[in-house]
Amino acid sequence: MMKKTIQQLTSSDRVLLASHANPDGDAIGALLAMGLALEKLGCEVVLYNESAIPAVYRFLPSVTSIREQLAELKYFDTAVILDCGDLSRVGSMADAIKAIPAIVNIDHHITNTRFGQYQLVDVNACATAEIVYRLIRAMDIEIDTDMATAIYTGILTDTGSFRFSNTNQAAFAICETMVAAGVKPSQVAQHVYGTYSLGRIKLLNLALDSIEISHNGKLSIMTVTREMLADTGTQAEDADGLINYARRIQDVKMAALIHELENGNGKPADRKRFHVSLRSDGSVDVSRIAMGFGGGGHAGAAGFSVESSLLELKQTIFNLSDGFSETCQLN
Ligand code: AMP
Ligand code: MN
Ligand code: MN
């Protein structure tokens, strides 16, 4: 599949590259690295993400080339979709993008639906940036410092700084090569983890205070409401990573972060839309749980969106903890 994908890319003149809405470091890093590589091949590229780029990733080289809007889609011969388990993850433009004649699916989610004629899906890859690295190498394109910084950031953030269960040998090997190509780890870390607004720190305080634990101690729920964001002058992106505090509590097997979005359409009036992030200690496959709610992800980190009242949603999530067994272990 790698060969065919390279043939398709090298014979394309105009390529659209897109990654999932509300992007993380991997969605942005893989997008930028792939875009820079295809530009080196002489392709005309357009980089697209529906959401604003979080402040912590705005230091990335050529990040300003990522567009939030798309006009003419007839123009493209190929679309490269990055870090999306399903094409719908790119957001409201998904249906229009589907009409582009060739779709390349580059992803590492276990729930990947295998969309697109060209698929570079490796569920063992630590990040989509790992697959992008391999593709760039296979295309014989030299990795400059800008591309290296994008790849490094994708791997660093998706592995939780080499701590999560997806941390593999390639994570270290590629990052070593990226450092040799000019990446400064301390500078990347300073941007991504070391420069938070005061509001973000205050939000951390409210989020920690919201933590609730199930009766058996195996499940924790953290809640971030729109009111908390308003009170601290923060945005949704400032909740990124907060769930790890709920996850690291002793005996907790699964943590859920309930993120309040907009008001729901249905009745009663207390129904709202929520995004729920799930994290596991390694003993619960949260991708399965997320799939049960129409979402997806990895065994250790997954998510879904629902419309519900907050109380009902918490009850539904707490009920899951009854099913957690002591014995099942993921690798
Ligand atoms: P998050 O919910 O943002 O913490 O995401 C955790 C992991 O699950 C990431 O790899 C996401 O790409 C994936 N994910 C989150 N929400 C969804 C969804 N609605 N459908 C499929 N995958 C998702
Ligand atoms: Mn992602
Ligand atoms: Mn990823």
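Throughout this tour, buried means under 20% relative accessible area, exposed means over 50%, and partly exposed lies in between, with a 1.4 Å probe and protein chains only. The model is predicted, so local features need pLDDT of at least 70 and side-chain atom pairs count only at pLDDT 80 or more, whereas totals for chains, interfaces and linings use all residues. Residues are numbered from 1 along each chain as its sequence is written, chains are lettered from A and ligands numbered from 1 in the order in which they are written, and side-chain values use heavy atoms, with hydrogens and water left out.

Donors here are N, O and S atoms within 2.8 Å of the metal (3.2 Å for Na, K and Ca), and because water is not among the atoms, sites may look incomplete. Asp 24 sits in the loop between strand 1 (14-19) and helix 2, and Asp 83 in the loop between strand 4 (78-82) and helix 3 (94-98), so the pair ties together parts that are 59 residues apart in sequence. Helices (H or I, at least four residues) and strands (E, at least two) are DSSP runs, numbered from the N terminus.

Colour these two aspartates by accessibility: Asp 24 counts as partly exposed because its relative accessibility is 24%, while Asp 83, at 1%, counts as buried. Asp 83 also has a positive phi of about 60° although it is not a glycine. Most residues other than glycine have a negative phi.

Next, move to the manganese ion (ligand 3), which is 3.7 Å from the manganese ion (ligand 2), with Asp 83 coordinating both. Asp 26 (OD), Asp 83 (OD), His 108 (NE2) and Asp 158 (OD) coordinate ligand 3 at 2.2 to 2.3 Å, and their spacing in sequence is D-x56-D-x24-H-x49-D. Asp 26 belongs to helix 2 (residues 25-40) and Asp 158 to helix 5 (residues 145-158), so this pair ties together parts that are 132 residues apart in sequence. Both Asp 26 and Asp 158 are buried.

Now select the largest nonpolar core, which has 55 residues, and among them Leu 17, Met 34, Leu 38, Val 80, Ile 106 and Ile 151 touch the most other members. Helix 2 gives the most to this core, with nine residues. A nonpolar core is a set of buried Ala, Val, Leu, Ile, Met, Phe, Trp, Tyr and Cys residues joined through side-chain atoms within 4.5 Å. A second, separate core of 19 residues includes Val 276, Val 286, Ile 289 and Leu 313.

Thr 111 is the next selection, in the loop between strand 5 (102-107) and strand 6 (118-121). Its relative accessibility of 14% is why Thr 111 counts as buried, and, not counting residues up to four places away in sequence, Thr 111 touches Gly 85, Ser 287, Met 291, Gly 296 and Gly 297.

Finish at Asp 140, in the loop between helix 4 (128-138) and helix 5. Phi of Asp 140 is near 65°, a positive value in a residue other than glycine, and at 74% relative accessibility Asp 140 counts as exposed.

How values were computed
Contact means heavy atoms within 4.5 Å.
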